[in-house]
There are 2 protein chains.
Amino acid sequence: MPQHDAVEVITAKRDRGELSDSQIDWVIDAYTRGAVDDAQMSALAMAILLNGMNRREISRWTDAMIASGERMDFSTLSRPTADKHSTGGVGDKITLPLAPLVAACGVAVPQLSGRGLGHTGGTLDKLESIPGWRAALTNEEMFAQLESVGAVICAAGDGLAPADKKLYALRDVTATVEAIPLIASSIMSKKIAEGTGSLVLDVKVGTGAFMKDVDRARELATTMVELGTDAGVRTVALLTDMSTPLGRTAGNAIEVAESVEVLAGGGPADVVELTLALAREMLAGAGVTDVDPADKLADGSAMDVWRAMVRAQDGDPDAPMREAREQHVVGAPASGVLTRLDAMAVGMAAWRLGAGRAKAGDAVQDGAGVVWHARPGDKVAEGEPLFTLLTDEPERFERALASLEGGYDIDADNAAYDPTPLVIDRIG
Amino acid sequence: MPQHDAVEVITAKRDRGELSDSQIDWVIDAYTRGAVDDAQMSALAMAILLNGMNRREISRWTDAMIASGERMDFSTLSRPTADKHSTGGVGDKITLPLAPLVAACGVAVPQLSGRGLGHTGGTLDKLESIPGWRAALTNEEMFAQLESVGAVICAAGDGLAPADKKLYALRDVTATVEAIPLIASSIMSKKIAEGTGSLVLDVKVGTGAFMKDVDRARELATTMVELGTDAGVRTVALLTDMSTPLGRTAGNAIEVAESVEVLAGGGPADVVELTLALAREMLAGAGVTDVDPADKLADGSAMDVWRAMVRAQDGDPDAPMREAREQHVVGAPASGVLTRLDAMAVGMAAWRLGAGRAKAGDAVQDGAGVVWHARPGDKVAEGEPLFTLLTDEPERFERALASLEGGYDIDADNAAYDPTPLVIDRIG
């Protein structure tokens, strides 16, 4: 590999130049080995944030992060593979019904997930509220479960894109998270290294999402679709609304329960709509066009896969839901139509109740969270329950209630409510 | 002190905001204490380099760096004080005749200097070629020498602006040296902490200077003059040419010898011109307007101060000059007028001969350097000596000769030579 030095590479990007392939390969490898230090990578990350990278640079950066670790390969599976990634939202339990649903349609779903941080929940945190369920699988267990059950949701091992792991931790403390080239390459390096044949990206937009602005979300989605395409992964992205939280629950056990309702053929309409929209994209990406996923919810086959998937990871799908020790009901302060329910307000309340963590490694409460009894467009009556707050520690109620203040509007005139579409755009 | 956090401060500058006084105070103090780490400061430095700071921010940044350490006070001296700082050039021995000259005119000169790095020499390296001379003085010794002799040139202690010392080392490895707000605050924090009453800045412009471009040099000079003024130090800046090296020598002992020629009333015209121009500014800054420094060169009183100054620091002003063991003479390749002598080419040659160091802590050779026997405008004859190269290690000649290649032009047609003015502009 040609020799470069950190000052040369940082200077090139600082002065608005393009980084060469060999500069990118060198800097990612040297950073992974420790020959480029955190201070140097941090200056480079800030220069990238402010001066950008073009498609070639981002693609090479992603490849270099993939090359820093192992790469999985599911091409010997008997079924095609498809995966989904969400950029994170409030009440976003979609992976839970989606993975077994797509598997029930004949496409294998190798879903490597993470734990939550801040106001957005983590898929593994939700599943860990099921008694016995374990997130850590060996590659062999993962492969065997994909062959036998068709779906696996488990923790990503340390072997995938270690450069990304190190860089992400650095970006978090140096205000360099918000660079689209770095966000896109971080997500896509892990998804490409994971070895899926096709990928659907759920890019959230709105108050409860990382991207508040639809143009930035579209730019991120486009960048990720290009990266997937450049790497030979069939990739599409849906931009979906995250001004309003999904479904009627934000937490851990309560989101599992809501997901099971969807798998049983019921559940909130928006969760069903988004699950089916993403399932259709995953099936199309995997080349399966003759199955309607709605049928697989209706006939119970998605539920069968769910139960097998939970059992395969030592969980008990029939165990009673873990419940919070304390609850506090908030009544509607007026009668009228609920015209706004802010995703960030709800997400912060759930986090403050103990459903999420403030820093990596903290424990979460299985039973904590927020249930909202109305969604925008619903009529509410003064004094009737609007929210139920759940936690094991009642001293948490006060700060959670403060989060919800100003987080919703009730229109007493019962004016017509104009809903935002759930799927805003499709890219790819 | 109000609490901030690093991500908040970095984010503000990243997003083109102004840093508040309290953010600046906090971040400099926290960095000095280690509560803000190198990676965070590096991201902030890159954001400052790319997004700038306004006058208030730079002034506060400078104050915060001064507050990180001790501040000297010469207000109880019986004489006013004046200091000079040069941004660094080739053959720039001006401090050596200047400090005793100004002292001979009745103004005390407390000159804290540094060692050289790369192609520009260091004042302390030059003086250390005098047998016995020592750079390290206590504050008490410095004060006593200022009172008795009137001039002191010594090493800056670790107590002045320790935040700057730490930040400078970081900037050097993260490609964040070239930010005018950071360059200006680095220089001025040390000069203001040093406690001088007035200050003259010699901002070099040209191939052999850090600033190649006159507009950037003017911006740096203006920023530093504003900082000095804001801190109550009477400050002016001269922009001076560094396309051509100063005088006829670049090295250590040979520059001391040239300085002594100037103090004896002779020496190269350009060195005399710049020494007098800077002396007049220092005297004016200190309120002394009734003395012509040219008289003090002519009557030997500047030489008397020089000898006392060297002796006060245990040097022997009468010791024979330390000479290099080897020399190599380069003849003029043609007859004509020397129309260009490139400062960077000469500086690199002197450095490669052993007069300078590649990294902090390396030793330098007292006798190494380059003598040029003609200056631009002089006639040269083919085969007559044009350069004499000096070193203790003859294996260094080859790379030094390579530096000089293409570094000068001889016009065989003896066309009229149009000299660049030495003092380009005055700011303040």
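Which strands of chain B does helix α12 (residues 269–285) lie across? In this predicted model, local features need pLDDT of at least 70, side-chain atom pairs count only at pLDDT 80 or more, and totals for chains, interfaces and linings use all residues. Residues are numbered from 1 along each chain as its sequence is written, chains are lettered from A in the order in which they are written, and side-chain values use heavy atoms, without hydrogens and water.

Helix α12 of chain B lies across β1, β4, β5 and β13 of that chain and runs at about 150° to β4(B). Contact means heavy atoms within 4.5 Å; axes are lines fitted to C-alpha atoms, for helices over the stretch in contact, with angles from 0 to 180 degrees between N-to-C directions. Helices (H or I, at least four residues) and strands (E, at least two) are DSSP runs, numbered from the N terminus. Helix α10 (residues 214–230) of chain B lies across β4 (198–205), β5 and β13, at about 165° to β5(B).

These four strands form an open sheet of mixed pairing in the order β1-β4-β5-β13, where pairing requires at least two DSSP bridges between two strands. Strands β1 (82–86) and β13 (423–427) of chain B stand at the edges with a single partner strand each, so one side of each lacks a neighbour in the sheet. Four bridges join β5 (residues 234–241) of chain B to β13(B) in antiparallel fashion, with B:Thr240 partnered by B:Val423.

Strand β7 (residues 326–331) of chain B is joined to β11(B) by six bridges, antiparallel.
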